[in-house]
Amino acid sequence: QAYLQILQESRRASWPIIAQKISAGDWIALSQVLVQPPFDDVRQACFYIPWALLQSDDFTAAVAARKAFVDFIDHVHALATIALKADDEVPGAAVQVQQSFLLLNASVDAYLSAVPKKYR
């Protein structure tokens, strides 16, 4: 539960920062925000939750959370990549950044759904 609390608190702290960078078109800063706290705390919590579930002998939940983590990380990398393309002024990249952020947000929701309620 401690990792879930870190995830939720860090998400609340980092989402406005990410949204502000997107609104400002500050693409390099956006890519940096994705590797620094508080967003890095989201990433770290998502990484460790499957291991915590495994330590609770809940193999099924651990596997589901690990799969959700891989999807989440794919979306983090996609957002960072498209932010750098937007900085290079690739046509349409700015809109893709916004879409990528929405997908990242959805992947965190899916991740949280993958964790059984008894652990939340």
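Predicted model: local features only at pLDDT ≥ 70, side-chain atom pairs only at ≥ 80, totals over all residues.
**Figure 1. Helix α4 from end to end.** Helix α4 covers residues 59-87.

**Figure 2. The whole chain, for orientation.** Before zooming in further, here is the overall layout. The protein has five helices and zero strands, and from the N terminus on its elements run α-α-α-α-α. The radius of gyration is 15 Å, close to the 14 Å that the globule rule gives for 120 residues, so the protein is as compact as a globular protein of that length. Along the principal axes, the C-alpha atoms fill a box of roughly 50 × 20 × 20 Å. Buried residues account for 41% of the 120 residues. Of the contacts between residues at least 6 apart in sequence, 72% join residues at least 24 apart.

**Figure 3. The surface and its charges.** The accessible surface comes to about 6,600 Å², and carbon and sulfur atoms hold 56% of that area. If you count charged side chains, you will find 10 positive and 12 negative ones. The centres of these two sets lie 8 Å apart.

**Figure 4. I49, a buried residue of helix α3.** I49 sits in α3, which spans residues 39-55. Its relative accessibility is 4%, so I49 counts as buried, the cut-off being under 20%. Leaving aside residues up to four places away in sequence, I49 touches Y3, L4, L7, Y111 and V115.

**Figure 5. K67, an exposed residue of helix α4.** Back on α4, K67 is found within residues 59-87. K67 has a relative accessible area of 60%, and because exposed means over 50%, this lysine counts as exposed. Y119 lies 52 residues away from K67 along the chain, and 17 Å separates their C-alpha atoms.

**Figure 6. L103, a partly exposed residue of helix α5.** L103 belongs to α5, residues 93-114. With a relative accessible area of 47%, L103 is partly exposed. From L103 to G25 the distance is 18 Å, C-alpha to C-alpha, for a pair 78 residues apart in sequence.

Figure 7. Take a look at the bond between P37 and P38, which is cis, with omega about 5 degrees. P38 lies in the loop between α2 (27-33) and α3.

**Figure 8. Two loop residues with positive phi.** D57 is in the loop between α3 and α4, and its phi is near 60 degrees, a positive value in a residue other than glycine. D57 is exposed, with a relative accessible area of 72%. E89 is placed in the loop between α4 and α5. Although E89 is not a glycine, its phi is positive too, at about 60 degrees. The relative accessible area of E89 is 68%, so E89 is exposed.

Notes: Residues numbered from 1 in each chain as written. Heavy atoms only, no water. Helix = DSSP H or I, 4+ residues; strand = E, 2+ residues; numbered from the N terminus. Buried < 20%, exposed > 50% of the residue type's maximum accessible area, 1.4 Å probe, protein only. Rg over C-alpha atoms; globule rule 2.2 N^0.38 Å. Contact = heavy atoms within 4.5 Å. Areas by Shrake-Rupley, 256 points an atom, 1.4 Å probe, with all protein chains shown as cover. Lys, Arg positive; Asp, Glu negative; His and termini not counted. Charge placed at Lys NZ, Arg CZ, Asp CG, Glu CD.
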